[in-house]
Amino acid sequence: MRRHNTLGILLLVIGIIILLNALNVIPVNIFFNGWWTLFLIVPALMSMSRQGITAGNAILLVLGVGFLLREQGWDYTQYIVPALFIAVGLVIIFRR
């Protein structure tokens, strides 16, 4: 039953957005810079919701978000090395 509610709400929101775009209330362009990254992000999120967080879907999500940020003009490359140190530190601290 929950899946039908989620799908219904998603379709309702999409319909409202399309209607507001047609009425020129809000401009919507589905082909934004980096739209193709959704082909990485959405499957990763779906996999996480079904199987939990695994190394594979986490890597896919990080790559998708990274590519999306790059397409949107964010230069995140200077944060990669510190983020790696933080991630490795957290893994060492919370390792079971």
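The chain comes out as four helices and zero strands, with helices (H or I, at least four residues) and strands (E, at least two) taken as DSSP runs numbered from the N terminus. Read from the N terminus, the order is simply α-α-α-α. This is a predicted model, so local features need pLDDT of at least 70 and side-chain atom pairs count only at pLDDT 80 or more, while totals for chains, interfaces and linings use all residues. Residues are numbered from 1 along each chain as its sequence is written, and side-chain values use heavy atoms, with hydrogens and water left out.

As for overall shape, the radius of gyration is 18 Å, whereas a compact globule of 96 residues would sit near 12 Å; the radius is taken over C-alpha atoms, and the globule rule is 2.2 Å times the number of residues to the power 0.38. The C-alpha trace spans about 50 × 40 × 20 Å along its principal axes. Buried residues account for 10% of the 96 residues, where buried means under 20% relative accessible area, exposed over 50%, and partly exposed in between (1.4 Å probe, protein chains only).

Helix α3 (55-71) has 17 residues and reaches 24 Å from first to last C-alpha, close to the expected 24 Å, that expectation being 1.5 Å times one less than the number of residues. Its buried residues include Asn-57, Leu-61, Gly-64 and Gly-66. The buried residues of α3 pack against α2 (38-51), a contact being heavy atoms within 4.5 Å. Just after α3, Gly-73 takes a positive phi of about 95°. Trp-74 lies in the loop between α3 and α4 (80-94), and is exposed at 58% relative accessible area.

Turning to the aromatics, rings of Phe, Tyr and Trp (its six-membered ring) pair if their centres lie within 6.5 Å; planes under 30 degrees apart count as stacked, over 60 as edge-to-face and the rest as tilted. That rule gives two aromatic pairs. In one, the ring centres of Trp-35 and Phe-39 are 5.9 Å apart with planes at 70°, so the pair is edge-to-face. Trp-35 is partly exposed at 34%, and Phe-39 is exposed at 60%. The rings of Trp-36 and Phe-67 have centres 5.6 Å apart and planes at 40°, so this pair is tilted. Because Trp-36 lies in the loop between α1 (2-22) and α2 while Phe-67 belongs to helix α3, the pair ties together parts 31 residues apart in sequence. Trp-36 is partly exposed at 35%, and Phe-67 is partly exposed at 36%.
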